[in-house]
Amino acid sequence: MVGASAASFMLEMASNELDNLLGESLFVQVTEKVIELLDMNLEYSELAGKLAEIKPRAAKSFRLLVENFVETGGDVTVAAAGTHIPYSKRELPSEKLHEFAKTLNRLIPEDQSIEIRRRMVLYKIDTESRTFGFRDESSNPADDYEEKIDDLAWPQASHTTVQEHYDVLLVGTTVIDETVGERRTKYRLMQISHISGEVR
């Protein structure tokens, strides 16, 4: 922050060096992206696509920024300019900010974790990528779960046999799919133990 003044209240931020001395400046890239995303006229699908481009962690940071704007309780103006950034400004009225924040909360929800403890059949395992495929035959139709094997579960998982039944603990986390900008649940195998004999 390089300055503050009373308008209602204004903060001025800048890079502490030349903003794009060697090109590929993160300061410039982030500034341009924030201005781009703060376009209140973006359609839902357009906004979803742009958020998917910046990956989940950055998208969550952007959502928090907008939530902080909302907490001011007033209108917000964001402006940017730089060596390679033409002057641009976003006027963010309070009412539109509230709606925008609601949209972001639908697109970028807080991570939601679920635990699944169940007996399942292993239908695939890849030892190079450390990925698994389990089928829950107790549901109708059967549910399939695929994703990564946690390091803690790897010693047991590395000795498994396809088409055998196992008691497993899967942890699922809801995230934004970076390719389509929609929510999906990613699963991680946390525990696994072999079942001998008939499956009950």
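View 1. T103 counts as buried at 15% relative accessibility, where buried means under 20% relative accessible area, exposed over 50% and partly exposed in between (1.4 Å probe, protein chains only). T103 is found in helix α4 (residues 94-107); helices (H or I, at least four residues) and strands (E, at least two) are DSSP runs numbered from the N terminus. Leaving aside neighbours within four places in sequence, T103 is in contact (heavy atoms within 4.5 Å) with Y44 and L47. The model is a predicted one, in which local features need pLDDT of at least 70, side-chain atom pairs count only at pLDDT 80 or more, and totals for chains, interfaces and linings use all residues. Residues are numbered from 1 along each chain as its sequence is written, and side-chain values use heavy atoms, with hydrogens and water left out.

**View 2. L47 and the largest nonpolar core.** Not counting residues up to four places away in sequence, L47 touches L37, L42, F100, T103, L104 and L107. A nonpolar core is a set of buried Ala, Val, Leu, Ile, Met, Phe, Trp, Tyr and Cys residues joined through side-chain atoms within 4.5 Å. The largest such core has 25 residues, and those with the most contacts inside it are L38, L47, L51, F62, V66 and L104. At least two residues of this core come from each of α1 (26-37), α2 (44-53), α3, β3 (76-82), β4 (85-92) and α4.

**View 3. Helix α3 and its buried face.** The 17 residues of α3 (residues 55-71) should span 24 Å at 1.5 Å a residue, and the end C-alpha atoms are 25 Å apart, which agrees; the expected span is 1.5 Å times one less than the number of residues. Buried in α3 are P56, A59, F62, R63, V66, F69 and V70. Seen down the helix axis, these buried residues fall within an arc of 130 degrees, so they line one face; the arc is that of the directions from the axis to the C-beta atoms. Exposed residues R57 and E71 are on the face turned away from the buried side. Just after α3, G73 takes a positive phi of about 80 degrees.

**View 4. The β6-β7 hairpin.** Strands β6 (residues 131-136) and β7 (residues 143-149) pair in the antiparallel sense over six bridges, pairing requiring at least two DSSP bridges. Six residues lie between the two strands of this hairpin, and F132 stands opposite E147 in β7. F132 is also included, with I149, Y187 and I192, in a second, separate core of 16 residues.
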